[in-house]
Amino acid sequence: MRTALILGFVVLTGTCGEISLTHAMKRVGEVHEFSPAAIWRVLLRSLHEVWLWIAVGLMAVSFYAFLTMLSWYPVSFVVPATSLAYVAGALGAKFLLRERLSATRWAGVVFISLGVALAWADMPTAQHLRNVYTVSRELIFAASLAPLAFYLFGAWAAWRFFRNRDRAAKDAGDFTPPVSILKPLRGLDLGAYENFASFCRQDYPQYEILFAVSNEEDPAVPVVRRLVRDFPEISIRLLVNAEAKGTNDKVGKLCLLAQEASYPLLVITDSDVRVAPDYLRKVTAIFRDPQVGAVTALYRALEAPSFGSVMDATGSLSFSGSALVARAIEGIKFTMGSTVAITRERLAEIGGFAPLLDMHSDDYELGRRVAQKGYRVELAPDPVDMEFPSEKLGDYLRHELRWLIGLRHVRPGGHFGLLMTQGIAWAAAAAVLAPSLAASAAWVLAYLIIRLFSGYVVGVRGLGDPVVRRKLWLLPLHDFFWFFLWLASFAVNRIEWRGLVFTLEKGRMIPVASRTGSG
Amino acid sequence: MGQIDSSVKTLKTKTYILLFLMMALGSVGNTIFDKGMKDLGPIDFSSGAAIWQGAFRTFTSSTIWAGICCMLLFMVCHMLVLSWADYSFVMLFSAITYALVPLLGYLWLGEYVPIARRIGIVLIVFGVFLVSRTPPRTTPSISNQSVS
C-alpha cells in the first residue's frame, strides 16, 4: 500500500503542478518577442499569477516525494512506475486544460509510457511485472474506497439537507411575489391532466400559467382547454403555433412564454411534473434572499409501470444523491428540468433564453450561467413528483446515454469524475484482485451494504420515493447499466432526440438527419 | 491563407527551438549536477554541524551553481513554451530525454544497452514522432499585450 500511495502522490502532485504552471502561463498570454527585456517582463508578470505559486509548491512537493521514492526503491523501478504521469498528464490536459487530444497524440501517450517503462526497467522483467501487478492492485483497492466514501458522503449530505427541510418550510409564507408558471409542451405525458391540475391547485395569492405548443394538432391542446374550463379562477393561457427558433424546441417555446409572461418571477417545470399545493410558496420563499439567482428541485417517481421506468426511478435517486453531494461541497451550480425558478432580472443578466436555443442540456446550462454570475442556486425543500411512463429498457438506456453525452459536453471534468462514483465496477475489480475468497466477498458486501444504505437514506427517508422504497434492491443493477452507459458515452457523440439525430459540439446540438416514426 | 500558413510555421519553429533548448539545458544541467555532487563526495548526515557544512560546500561550488543556472534557464524555456503550446504536447515531446540518455550512453561511452531498453528507446522515439505530427497548440491563443 505504501508503494501505491507514494507513487500516486508523486504522479498526482507532479501532474497537478505542471497543469497549474500551464494554466498560469496561458493566463500570462502567448509570448511573441524573445529579447531579454521582453522575457524578463513575462517572468515578472508570471510572478503575479497565483497559479504559478501553486505550481511551484506542488512541483516541490512532488520532487521531494520522488526523492523519497528513490530512497526506498531502485531507479529502475521508480522511473518506469512514474511514467504513469504521461497518462495522468494527458488526462489532465484534456479535462482540465481543455486541450484537444487527437487519436495520434493518444497513441503517442501509449508508446511513450510503454517506452519509458521498458527503457528504464531492469531485466529480468518477471520481478517488475510482479511489482507492477502489486502496485496496480493496491491502487485499485485504494480507488475502490472512493465510491464507498462518495455514497456515505451522499447519505450524510441528504440527511443534513432533509433535516433542515422543516425549518425551511416554516420560513415559507409571507414572501409571495406574483409568479408566471411556464409550461412548454410537446405531446402528452402519462397523467398529464393531473400534472397540470396540480399547478392550478396552488395555495398562492397571485399567479398565472402559460402553456405553449407548436400547433393545434398537439394532443396536449384539448387537455389544456379542459383545464381552462375546470379552473376558471386561475389565469391560464395557451400559446399555439410557437415558431421553431433553434434546435432545442423547448427553449424556443420558453423564449415566447417569457415574452408573454406578466409577472417578475418565472417558474419553469417539465410537463411530467406534479406538485403539492404549497409548492409555489416554498419555491418563492427562497428568493427572499437577494443572493439567490435560481431555484431548482429534486424529483421522485410517483409510479414506474415497467422495468425500464423502475431503472429510471432508481437513476433519479442516484442523481439526487450526486446533486446533494455537489451542494454540500461547492453549492449547486446547475438547475434541473423538474423546476427552474428565476426572476426576470437574473434571466436578463444571463442574456435570457436565447443563448440556450441550440443547447442540449438547457436547464443545466441555465443554472450554470446563473452561478457563474455569482448568484446562488438553491434546492427547493421538497422534491417534485414525476409520473414515469412505461418505457422499455432500450428507451431508458438511450435517454440515459443521451444525458451522459450531454454532461460530457457541458462539464467534461464532472463527467470524467463519475469514474470515482462507479461503485459496482470498482467493487468487482477489487473482488477479482483480492487475495482470498473471503476478501472478495467482503468487497462486494461492503459495496452492497453501503450502496443500499445510501439509497435508503437519500431515496426512501429523504425523497420519500415510493418506487425506490419498493425497488431499492434493484439499485446495484442500475449501477451496472450506468457503468457501461458511462463508458459508451466517451465513444458516442450522436444523440437522437424527438425523432431527430444530432451531434453535439460544446453542448450545442447540430442536426445530422431526420428520422421518422420516433419521438 | 498564406498568413495562416506563416503563423503556423512560426508557432512550430519557436516551439521546436524552445523544446530543443529545454532538452539541452535539462541534460547539461543534470550532468553538471551529477559531476558537481560527485566532486564534493558523499554528504555527511551524522550531525547537524556536518549537514550545515555539506550544504555550505554544495552552495559554494561553482559547478553546482553552473547546474542551477542551467536548470533555471530550462525552467524559463519551459514556462515560455507553455505560454502558447499544449501541455500534452510539451510533456510528451520532452520524454525524448528518456531515450537520449541511454542512447548517448551507448554512442559516447560505449555502455551496454540491453534489448528491452533498445525496444523502449524505439517506442519513445516513435511516440514522440507521432506527437510531432500533431499541432503544438489546440486551444485558443491569448496574446500577451504588454510583450508583443
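I checked α19(A) for a kink and found a bend of about 30° at Tyr456(A), taking the bend as the angle between axes fitted to the seven residues ending there and the seven starting there. This is a predicted model, where local features need pLDDT of at least 70, side-chain atom pairs count only at pLDDT 80 or more, and totals for chains, interfaces and linings use all residues. Residues are numbered from 1 along each chain as its sequence is written, chains are lettered from A and ligands numbered from 1 in the order written, and side-chain values use heavy atoms, with hydrogens and water left out.

How far does α19 of chain A reach from its first C-alpha to its last? I get 37 Å for the 27 residues 437–463, close to the 39 Å expected (1.5 Å times one less than the number of residues). Just after α19(A), I noted Gly464(A) with a positive phi of about 65°.

Next, the surface. I found a nonpolar patch of Trp40(A), Leu44(A), Leu47(A), Trp53(A) and Val56(A), about 520 Å² of accessible area together. Helices α2 (36–47) and α3 (50–72) of chain A each give two or more residues to this patch, and α2(A) has the largest share, three residues. Trp53(A) sits in α3 of chain A and is partly exposed at 47% relative accessible area (between the buried limit, under 20%, and the exposed one, over 50%, with a 1.4 Å probe and protein chains only).

Last, the tallies: chain A has 21 helices and 13 strands (DSSP runs: H or I of at least four residues, E of at least two, numbered from the N terminus). Of its 519 residues, 53% count as buried.

Methods:
Patches are made of residues with over 30% relative accessible area and no salt bridge: like charges are joined within 9 Å, nonpolar side chains (Val, Leu, Ile, Met, Phe, Trp, Tyr) within 5 Å. Accessible areas come from the Shrake-Rupley method with a 1.4 Å probe; for residues, only the protein chains shown count as cover. A salt bridge is a side-chain nitrogen of Lys or Arg within 4 Å of a carboxyl oxygen of Asp or Glu.
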